[in-house]
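Could you walk me through this structure, one piece at a time?

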Amino acid sequence: MLSLVSRQVFVTPSEGVIRLRDVEVEIQMGCSGLEGIGLVLVLVSGYLFTFRRRLRLVRALWLLPLSLAAVWLLNGVRVALLVAVAAFVSPDIAFGGFHSKAGWIAVCAVALGTVWLAERSSFFVRPSAPEPAVAVLNPTAAYLVPFLALLGVGL
C-alpha cells in the first residue's frame with residue numbers, strides 16, 4: 001500500500017520493519033491486529049447468538065469470515081497510514097494517538113457495519129409479518145441524537 005505513495009519504501013519481513021523516508025517502524029505483536037480480530041469475532045458471534053431466531057443462521061454465519069477479513073484488511077490500512085503519517089506529517093502524531101485510535105475506530109466500524117449490513121439485508125434476516133402502521137410520537141431521537149453526536153466527536 002505504501003508503494004502507491006512513495007518509492008522509498010523498504011520492508012524487512014524477517015525483522016518486521018518498514019522504512020519510509022527517514023522513519024523506521026517495527027511491527028510488533030500488538031500491531032498485528034489480533035486483538036481487533038478477536039474483538040470482532042466475539043462481537044459478531046454474540047450478535048449471531050443473540051439474534052439467531054431472527055437470522056437465517058446458515059447464511060448469517062458468512063458474516064463471521066467477512067467481518068474478520070474486513071478488520072484484517074483495515075488493520076493493514078491502519079499500519080500503512082501509521083507509517084505514512086509518521087513519515088510525512090509527524091512521528092509524534094502517528095505513534096502518540098493515531099496508532100491505537102485508528103485501530104479502535106476500525107474495530108468499531110467493522111462490528112457496527114456488520115450488524116448494520118445483516119439487519120438491512122433480507123439475505124441474512126428472515127422476513128417478518130408486517131406490523132400494522134400506527135402513528136406514534138417518540139421523543140427518544142430528540143434526546144438521543146445530541147448524546148450520540150457528542151459520543152461520536154469524543155470517539
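Ala141 sits in helix α5, which covers residues 140-154; helices (H or I, at least four residues) and strands (E, at least two) are DSSP runs, numbered from the N terminus. With a relative accessible area of 47%, Ala141 is partly exposed: buried means under 20% relative accessible area, exposed over 50%, and partly exposed in between, using a 1.4 Å probe and protein chains only. Between Ala141 and Thr114 there are 23 Å from C-alpha to C-alpha, and the two are 27 residues apart in sequence.

A word on what you are looking at: this is a predicted model, in which local features need pLDDT of at least 70 and side-chain atom pairs count only at pLDDT 80 or more, while totals for chains, interfaces and linings use all residues. Residues are numbered from 1 along each chain as its sequence is written, and side-chain values use heavy atoms, with hydrogens and water left out.

Now let us turn to the sheet. Strands of a sheet pair through backbone hydrogen bonds, either parallel or antiparallel. Here three strands make an open sheet in the order β1-β2-β3, with antiparallel pairing; two strands pair if DSSP finds at least two bridges between them. At the edges are β1 (9-12) and β3 (23-26), each of which pairs on one side only. From one strand to the next, the twist averages 15°; angles run from 0 to 180 degrees between N-to-C directions, and axes are lines fitted to C-alpha atoms, for helices over the stretch in contact.

Follow the chain through the strands. Four bridges join β1 and β2 in the antiparallel sense, and Phe10 stands opposite Arg19 in β2. These two strands form a hairpin with four residues between them, and Gly16 in its turn has a positive phi of about 70°. Strand β2, residues 17-20, also pairs with β3 in the antiparallel sense over four bridges, with Val23 in β3 as the bridge partner of Leu20. The hairpin of β2 and β3 has two residues between the strands, and in it Arg21 takes a positive phi near 60°.

Val11 belongs to strand β1. Its relative accessibility is 53%, so Val11 counts as exposed. Val11 and Glu24 are 13 residues apart along the chain, and their C-alpha atoms are separated by 9.6 Å.

What lies across β2 and β3? Helix α3, residues 63-88, does so, running at about 40° to β2. This brings us to the helices. Two packed helices are described by the angle between their axes and the distance between the axes.

Start with α3 and helix α4 (residues 91-120), whose axes come within 9 Å and cross at roughly 160°. That makes α3 roughly antiparallel to α4, since angles under 35 degrees count as roughly parallel, over 145 as roughly antiparallel, 65 to 115 as roughly perpendicular and the rest as oblique. The crossing of α3 and α4 is right-handed; a crossing is right-handed if the near helix is turned clockwise from the far one by less than a right angle, and left-handed if anticlockwise. Their contact has 19 nonpolar, four polar and one charged residues, where Ala, Val, Leu, Ile, Met, Phe, Trp, Tyr, Cys and Pro count as nonpolar, Asp, Glu, Lys and Arg as charged, and the others, Gly among them, as polar.

Helix α1 (residues 34-50) packs against α3 at an angle of about 155°, with the axes 9 Å apart. The two helices are therefore roughly antiparallel to each other, and their crossing is right-handed. Contact means heavy atoms within 4.5 Å; among the α1 residues that meet α3 are Ile37, Leu41 and Leu48, and the α3 side includes Leu64, Leu68 and Trp72. This contact divides into 10 nonpolar, three polar and no charged residues.

How do α1 and α4 pack? Their angle is about 25° and their axes are 10 Å apart, which means that α1 is roughly parallel to α4. This crossing is right-handed. In α1, residues including Leu39, Leu43 and Tyr47 meet α4 residues that include Trp104, Val107 and Thr114. The residues of the contact of α1 with α4 comprise 11 nonpolar, two polar and one charged.
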